[in-house]
Amino acid sequence: MRSGKFRRRLAARALVGAAALALTATMAACGGSDSGGNSTDAPGADALKNVKSPVTVEFWHSMKGANVAALKQIVNKFNAAHKGKIVVKPVFVGEYDDAIAKYKTAVQQKNTPELIQVYDIGSRFMIDSKQTVPMYKFIDKDKWDSSAIEPNIASYYQFDGKQWSMPFNSSMPLLYINKDLFKKAGLDPNKPPENLDEIEAYAKKLTNKKKNIVGFNAAIYGWYLEQLMATNGDQYCNDSNGRKGLATKVNFDGPDGVKLAQWWTSMVKKGYASNTGRTTDAAQQAFKSGTVAMELESTGELRDFINSAKGKFSVAAAPFPRLTGSGAPDGGTIIGGASLWIDGIGHTDAQKRASWEFVKFASSPAIQALWHTGTGYFPVNSKALDEPTDKAWVKQYPQFSVAVQQLHSTKPSTATSGCALGVMPQARQAAEEGLEKTITSGDPSTAAANMKASADSLAKPITDYNKAVKK
Amino acid sequence: MTAQTRGPAEAADRGTATDASRADRPARPTPRHGRDHALAYLFLVPSTIVFALFVVWPLGDSVYLSLHGSDLFGGASVFVGLDNYRDMFTSAEFGKVLLNTLEFVLLTVIPGVLGALVVVLLLEAQIRGTRVLRTAFALPFAFSVATASVIFSVIYNYQIGLANGILGFLGIGKVGWTTDPHVAMFALALTTVWMNLGYNVLVLSAGVGSIPAEVMEAARLDGASGLKLVRRIILPLLSPQLFFLVVVTTIQSLQSFGQIHILTKGGPDGSTTTLVYSIYKKAFAFGSSDFGTASAQAMVLLVIVLACTGIQFGVLQRKVHY
C-alpha cells in the first residue's frame, strides 16, 4: 500500500512537471477590448483640459542600479510638477530583450503600457508593430523645437527623415585603457592605438603571460562588430541599412566581419587577448581586476570602471578604434542606447498627451543634465552640457570628454545611423555566434565560412518577418 | 519514514476507519457514502481548477501554437499543419540540441546521485564531527540557482577566476570553463551537480538513518562488513531513495534553465543549448518570437519527460526494494 501511494505521488509529480514544461512556450492570450482611441495620431494640449482625475502613464523601462535611481528622480520631479493632472508610474520589466518579449505579449492582450523604453535595435520592430504614435506627429502638432536634440543621436531614430521615437539614454563604445599597464610597458597612454592592427602591436608589448596580464579583452558582443563596420563606412544590412525599405540581407559576412573574426582569433591564439565569452559582465570583471590593458566597453561603464579602479590603477578613455587605417570619411560610431515610444492603439487621447508631456520633460536640458550626471549616459539634449551640474561632472570625470568629442566628430550618415532590421536582435546574436565559433576554433581560416553560416541562418527569420509586416 | 513510526500510525488509521464504518453500517450506508464522495469531489475542485488552468489549458494551447506560424507578436498566424515539426526534425541544429540535452542529463544525474551516495556512506563512518560534515554537505541546498550560478560564473572567469587561478598556481595552462565549446558542458554539469548535492545528501542520509539498527547489527554479526555490508544490506534498503532521486533529478535536469542562462547562454557555439534553453531562445530571447517552433520543441520535451518517467517506473522500479 505504501509503495503504491509513493509511486502515485511520484507519478503525479512527474506528470505535473512534464506538463508544466508545455507552459514554457505558451502565452496566455486573454481577450480584451479597446479602452480608447484606435488611432496613432497625436492629440493636442486640450486633450488634458477636461480631465477630472489624474491621468496615469505606465512607463515600462529596463534601467537598473544607479540608472533606476536617476530615473525615479526624474519621474518624481515630473509628478510633483503635474500634481493632480498626470501620474507617471515607472515599471521595471527586465532587460531590453525581456521588455520586448513582454511588449509582444501585451500587444496580443491589447494591454500595452502608455510609454515604453526600447533599445536601439528594437526600433524597426516598434515601427512595424503599428502600435505607437510617432514622435514627429507630436513635434509637428506643438511646433516643438527639436533642434537641441543631438543630431547624431536623433538620426538613429529617424526613418524617412522623420523622428519616430525620442532618444532617452544614449551611449557609445570607447576603448578603455589601464594607464599603469601602459606605462609599465613603456607605452604612452595619451597615444592610444587607432585601429585593430595597432591594437595588436600594442597588445603584443603589453601582454605578460607570467603576470597574467593580457593586452586586450572584450566581450564577444555583436555591438562592437556593428560599430567597426560603421567606422569603415559600411552598411550592416542592405537597402541603405534598412532605412529606405525593409532590409532583406545582412552584410556582416563581408570583408569587414571576416577581418574582425580573423584578427580576434589570432589575438586570442597568440595570447594577446583573453576570451571571457559573450557576457559583458565577465569582460568588465576582467578589466576591473587590473589584468587587462585595453578593453572595449560602453561609455555607460565609465563611472563604474573609474570607481572600481580607485587605488589600484588609473583609467583612460580613448576613441573607439577603426576597423582599418583611420576609418572612412563618412564612417564613425553608431549611437546605441534606447529611446521612448508612446503607444497609441488602445489608449485615450489624454493618456497619449500625458506621455508626450513626460517625454518633453525628460528631454529638457536640466533633466538631461541630471540624467547624464546620474548615469553616465550621454545627454541627448546638447544644451545639457552647458548646465552647471553637468560641467562639474565632466570636470570630475575628464575621460568623458573623449566621448563627447567622438559624438560630435561623427557625421550622421547611412553607415553611422546603424542598421534598422526587424530581426536586428537575432542578427546581433547570429554575428556573435559566428565570431565566437571562429575564436574558439583557434583557426582564423574558418572565419569566412563561419560568418557566412551565421548570415545565412538569418535568411528565414528575415523573410518571415518581412512577410508578416507586409501582410 | 522508519518502520517503527510507520506501524502505529497505520494501525491508528485503520482503527478509526473500522470504527467509523462499524458505526455507519446499521444506519443508512449508501447515502452517507454518496455524501462522502460528493464531499471528496468538492475538495478536489480547487486542485482540479488549478491543474486545468495551469497545465491542461497551456498544454492544449502549446499544441495549437505548434501547428501554426507566428505573427510579429508571437501569436498564431496561419495554420501550417506539421511544418514546424518537419522543419524541426530535419534541422541539424535540433539534433545537436537533443544530444546536448542527453549529455547534460547523464552528466548531472549519474555523478549527482553517485556522488551523494559516496558522501553519505563516508559520513556513516563513526568519526567525530559527522553532524557538522553532514550539514556542510547539505548546505548547497540552501543556495538558489541564480546565486550559485553567479558565484560559479566568477569562479569560471577565464581571466580572473578562482579555477584558472588554481590551475595557474599548479603550473597548468588556463581553461576556458565557459568559453571553450569542449569544456562548457562539463563546467555547467559540475555546477549543477554541486547544486543538487545538498538535496541528494539529505534524502540519502535520511534513508540510511531509517535502516533499522537491528538489521545492521545482525548483518555485522553474520560477518558482513565494509563493501559487502554496503552492497548486500545498505544499497537494497536504500533503493527507494535512490530510485526517487534518479527520477526527480532527471526531470530537474531536463528542466534546468537558470544555470545555463547565467553561465553560458547556451553557448559557446551552441554547445550548452539544451531543449529547454532552445525553447526559450526560439520563443523569447533576442527579440525572437517564433512560438510555433518553440511549441513544437516543447511537445518533444513533454514526450521525452513522459518517456523517461515511464521507463524509469517500468524498469527501475522492479529493482526497487520497499
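**Exercise 1.** How far apart do the end C-alpha atoms of residues 135-156 of chain B lie, and what percentage of the span is helix?

Solution. This is a predicted model, in which local features need pLDDT of at least 70, side-chain atom pairs count only at pLDDT 80 or more, and totals for chains, interfaces and linings use all residues. Residues are numbered from 1 along each chain as its sequence is written, while chains are lettered from A and ligands numbered from 1 in the order in which they are written. The end C-alpha atoms of residues 135-156 of chain B are 26 Å apart, and the span is 68% helix and 0% strand. Helices are DSSP runs of H or I with at least four residues, and strands are runs of E with at least two, numbered from the N terminus.

**Exercise 2.** State how many residues of chain B are in contact with chain A, and find the element that supplies the largest share.

Solution. First, 52 residues of chain B are in contact (C-beta atoms, placed from the backbone, within 7 Å) with 52 residues of chain A. Next, α13(B) gives the largest share of this side of chain B, 10 residues.

**Exercise 3.** Determine whether A:D120 is buried or exposed, and locate it.

Solution. A:D120 lies in the loop between β3 (115-119) and α4 (123-128) of chain A. A:D120 is buried because 25 other C-beta atoms lie within 10 Å; the cut-offs are 20 or more for buried, 12 or fewer for exposed, and partly exposed in between, with C-beta atoms placed from the backbone. Finally, the residues that A:D120 touches, not counting those up to four places away in sequence, include A:Y156 and A:G418.

Notes:
Two residues are in contact if their C-beta atoms, placed from the backbone, lie within 7 Å.
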